[in-house]
Amino acid sequence: MQIKKSQTLGIVLAAGSGTRLHPLTKSISKALIPIAGIPIIEYSLSALTKIGIKNFNIVCQKSKDFEYLLNLKKFQNHNIKITSIKKPIGIRKTILLVTKNKNFKHYLICHADNVYSSFPKKLLQVSTFAGLTFEKFQKNNINARIQNGKVIDFLTKPNATISGVYVFSREAIMYIKSNNKIFDSWGITSGLQQALVDKNVIAGLRFTKKVININTLQDLIYANSYVLKNITKQKNFIDSNSKIDVNAKIGPNVSIGKNSVINSQTSISNSIIMNDVIVERGASIKNSVIYNKNIVTQNSNIINQIII
């Protein structure tokens with residue numbers, strides 16, 4: 001089935017609590033954590049725009065934090081709506097909430113806290129369901145066995161749907177809505193399995209484009225290094241408004257945000273330094289995230305930590 005891009009709504013899920021990244025995500029949405037100077041959600045949106053998606057609905061808890069997206073030049077030719085919810089309600093309920101608009105025939109759903117290198121254009125030429133294979137984080141795989149262009153079985157592990165990318169037709173949405181007993185509030189795999197049994201409303205595609213699912217500090221550090229090496233093609237990212245002493249050792253794979261000051265004889269590697277951070281003389285930072293407006297004191301040794 002050919003999917004018309006103008007009739008496809010991109011739904012970006014950004015309402016998760018990010019509990020495995022606490023305490024960082026108590027201060028900032030996981031989708032807004034900067035990687036190589038860009039909030040994670042922008043990688044999702046950019047990947048979708050590259051395959052021709054023009055309409056988006058971002059589901060989040062604090063809508064004001066995401067409103068800056070409406071003014072970004074790179075998305076000025078796209079229609080972005082922000083839907084605010086008080087707490088995470090799960091994929092199924094979110095799908096039903098944001099697909100009430102019947103102007104769209106298909107809905108492409110992805111997660112704002114994943115880094116997508118790209119989506120293949122063929123994705124929009126399949127039909128109602130797409131499963132992504134994650135190269136790095138196999139524990140979150142979702143795979144579909146395809147035969148003659150149809151999904152005949154799902155090969156999945158627990159919680160796989162939490163990290164999935166889905167393309168649903170309006171028909172599939174109606175099936176989800178009318179079969180609430182088999183679609184639990186936090187997953188949809190069991191319901192999709194039943195859909196295959198009841199009637200063939202699901203078609204799909206399995207592909208292996210690079211996707212990084214960010215749940216932990218280690219995931220975040222890996223994502224930062226991957227983006228620097230493979231997407232932005234930089235050894236490090238340093239905002240132009242930050243000051244780096246000539247005797248500081250920076251890199252590899254370091255991102256430094258706005259108005260930060262890195263003093264002499266410091267060493268920083270595989271880390272994210274956010275905005276307005278001061279790193280004093282002789283400090284060492286490795287595999288860590290330093291949140292806004294922190295002071296890393298002289299001769300500190302920070303390894304595998306989140307500092308807020």
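The largest nonpolar core has 50 residues, and Ile35, Ile41, Phe66 and Leu220 have the most contacts inside it. Here a nonpolar core is a set of buried Ala, Val, Leu, Ile, Met, Phe, Trp, Tyr and Cys residues joined through side-chain atoms within 4.5 Å. This is a predicted model, in which local features need pLDDT of at least 70, side-chain atom pairs count only at pLDDT 80 or more, and totals for chains, interfaces and linings use all residues. Residues are numbered from 1 along each chain as its sequence is written, and side-chain values use heavy atoms, with hydrogens and water left out.

- β1 (8–14), α2, β4 (55–60), β5, β6, β7, β13 (211–213) and α7 (217–231) each give at least two residues to the 50-residue core.
- Helix α7 supplies the largest share of this core, at seven residues.
- Phe66 touches Ala14, Ser29, Ala31, Leu32, Ile41, Ile58, Cys60 and Ile82, leaving aside residues up to four places away in sequence; contact means heavy atoms within 4.5 Å.
- Another core, of 16 residues, lies apart from the largest one, and its members include Ile85, Ile95, Tyr107 and Phe168.

**The whole chain**

- You will find seven helices and 26 strands in the protein; helices (H or I, at least four residues) and strands (E, at least two) are DSSP runs, numbered from the N terminus.
- Of the 308 residues, 54% are buried; buried means under 20% relative accessible area, exposed over 50%, and partly exposed in between (1.4 Å probe, protein chains only).
- Among contacts with a separation of 6 or more, 56% come from residues 24 or more positions apart.

**Salt bridges**

- There are two salt bridges, each defined as a side-chain nitrogen of Lys or Arg within 4 Å of a carboxyl oxygen of Asp or Glu.
- Lys30 and Asp113 form one of them, at 2.9 Å from N to O.
- This pair links distant parts of the chain, 83 residues apart: Lys30 is in the loop between α1 (24–27) and β2 (34–35), and Asp113 in the loop between β6 (106–111) and β7 (114–116).
- Lys30 is buried at 8% relative accessibility, and Asp113 is buried at 15%.
- Lys74 and Glu42 form a salt bridge at 2.7 Å, N to O.
- Lys74 sits in the loop between α3 (63–66) and β5 (79–84) and Glu42 in helix α2 (residues 40–50), so this pair ties together parts 32 residues apart in sequence.
- Lys74 is partly exposed at 43%, whereas Glu42 is buried at 6%.

**A parallel sheet**

- Four strands in the order β15-β18-β21-β24 make an open sheet with parallel pairing; strands pair if DSSP finds at least two bridges between them.
- β15 (243–244) and β24 (295–296) are the edge strands, each with a single partner, so one side of each has no neighbour in the sheet.
- β18 (residues 261–262) and β21 (residues 278–279) pair over two bridges, and Ile262 stands opposite Val279 in β21.

**Backbone points to check**

- Most residues other than glycine have a negative phi, and most peptide bonds are trans.
- The His22 to Pro23 peptide bond is cis, with omega near 10°, and Pro23 lies in the loop between β1 and α1.
- Gly251 and Pro252 are also joined by a cis peptide bond, with omega about 5°.
- Lys233, not a glycine, has a positive phi of about 60° and is exposed at 62% relative accessible area.
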